[in-house]
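Hi everyone, thanks for coming. Please have a look at the sequence and the structure on the screen, and I'll talk you through a few things.

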Amino acid sequence: MTWLSNGSPSWQWFHRLGSPRWFYHRSGRWLPWLSLAALLVLLNGLVWGLAFAPEDAKQGNSFRIIYIHVPAAFLAQSGYFIMAIAGAIGLIWKMKISYMVMKSAAPIGAVLTFIALFTGAVWGKPTWGAYWVWDARITSMLILLFLYAGVIALQYAYHSVDAASKASAILALVGTVNIPIINKSVDWWYTLHQPATIKLTSAPSMHMDMFMPLLVMIVGFYLFYAVALILHTRNEILRRERKTSWVRELANAKAGR
Amino acid sequence: MARKMNSGFVAWLRRDLLLAYRRRGEVASPVLFFMMVSTLIPLGLTPEAARLGEVAAGMIWVMALLATLLSVDGMFASDYQDGSLEQMLITPQLLPLPLLGKITAHWLTTGLPLTLVSPLLGLMMSLPSAGYLPLLCSLALGTACLSLVGAVGAALTVSLRKGGLLLSLLVMPLYMPVIIFGTATVSYAVDGLNWLPPLALLGALLAASVALCPLAAAGALRVTASN
């Protein structure tokens, strides 16, 4: 990577981003503001969606779970790509920090996938009459949960941090190539076996009054995801760099107070 | 140049086939597993021919997948233990080509026998007669995909002591498109539809796997085999 390391100024931020210490200090300064923004946007979206958005004509109030369900499903899917991109950056530029981001993104994404599946099941009972149906999107989400589980399991299977990071980065990349194939094939499988009982009641075209709070919630979830990811990554930095002098100084300073 | 690039492929294919020939018992076990599990299905489900025939295609595919999964675990294990995997890693040849040779040998010793036995299982599970040729074709292409994708998982877990179960966790989600198109090929034929489109999709999956899986497996081996 000589073209990267011969000091062209436009790449300096990228190099600095690779330093765990720099990231730790810089993210510490952003974090309160980011958390505040996430909190405000989420509160705004929740109150708007749960209290002020109009009732659904067919589903009544039960449709309001959409304000949790859809943003969680959104983030669950983009979270996998964030994880895989972080892994790819680690493999290509050998940046320690991006492996830490990758490792932190896996459990967050898995939990969001679970939330999407769980809220879907709770929503499915009054709407479809069953907690679980083999719908194409539900099945894709379940497979996504399995993909996350694989990355997490592989991460913890290796003692060597280096091997764990690289192996799970490769797995995340293989998963990324497969996700569109899996989603398409599951869609196709579903149209082949479509049971007659399911009717998708939430039409793709939502009323503006219902859609705006959803949009706010999606933005809020993205902010919340960023906060969670940064917090997780900061923990991971401290854990992996615990033998370096700057982390020790940090710990001593905290203990001294 | 072409011959030099080929040589790794042919050498490792020949070596693994020879090893498999000398350990014929191990080669037989996935096929035996395939046959034995298929006797569990009538016992657990129903001996009625009509109902068995409905689920036959799906069941045969699930069993073929499990049998491949069991055998994929050993793809690099003995090479890792006796050190020949490291010899392979330090050869001047491009790593994906010898790997493709190994994977081809794996398919020839597991996927192909499973494919050839499947009509017998179809007969035992009263698969409608229109389903046999599609079953053979889809299994031939599909098990090759399973071997290729499985090789990536096996490469990722080769140095772990209890890698077998983890390997299934990693690889199973990636197998789902294969089983969807595989069973669709057979059920299309049984329903009297044109079964070539799902088979063509399986072929597309195979083409993509041939291109990408040896690369991913090579990258994974470089990481894991040295740890």
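How many helices and how many strands are there in chain A? Chain A has nine helices and zero strands; both kinds of element are DSSP runs, helices being H or I with at least four residues and strands E with at least two, numbered from the N terminus.

A word on the ground rules. This is a predicted model, where local features need pLDDT of at least 70 and side-chain atom pairs count only at pLDDT 80 or more, while totals for chains, interfaces and linings use all residues. Residues are numbered from 1 along each chain as its sequence is written, and chains are lettered from A and ligands numbered from 1 in the order in which they are written.

Of the 257 residues in chain A, 35% are buried (20 or more other C-beta atoms within 10 Å of a residue's own; 12 or fewer is exposed, in between is partly exposed, with C-beta atoms placed from the backbone).

Now, where do the chains meet? In chain A, 24 residues are in contact with 21 residues of chain B, contact being C-beta atoms, placed from the backbone, within 7 Å. On the chain A side, α6 (136-157) and α7 (161-193) are the elements giving two or more residues, and α7(A) has the largest share, 14 residues.

Last, a backbone detail. Most residues other than glycine have a negative phi. Lys94(A), though, has a positive phi of about 50°, and sits in the loop between α4 (66-93) and α5 (96-128) of chain A. Lys94(A) counts as exposed because it has 12 C-beta neighbours inside 10 Å.

Conventions. Contact = placed C-beta atoms within 7 Å.
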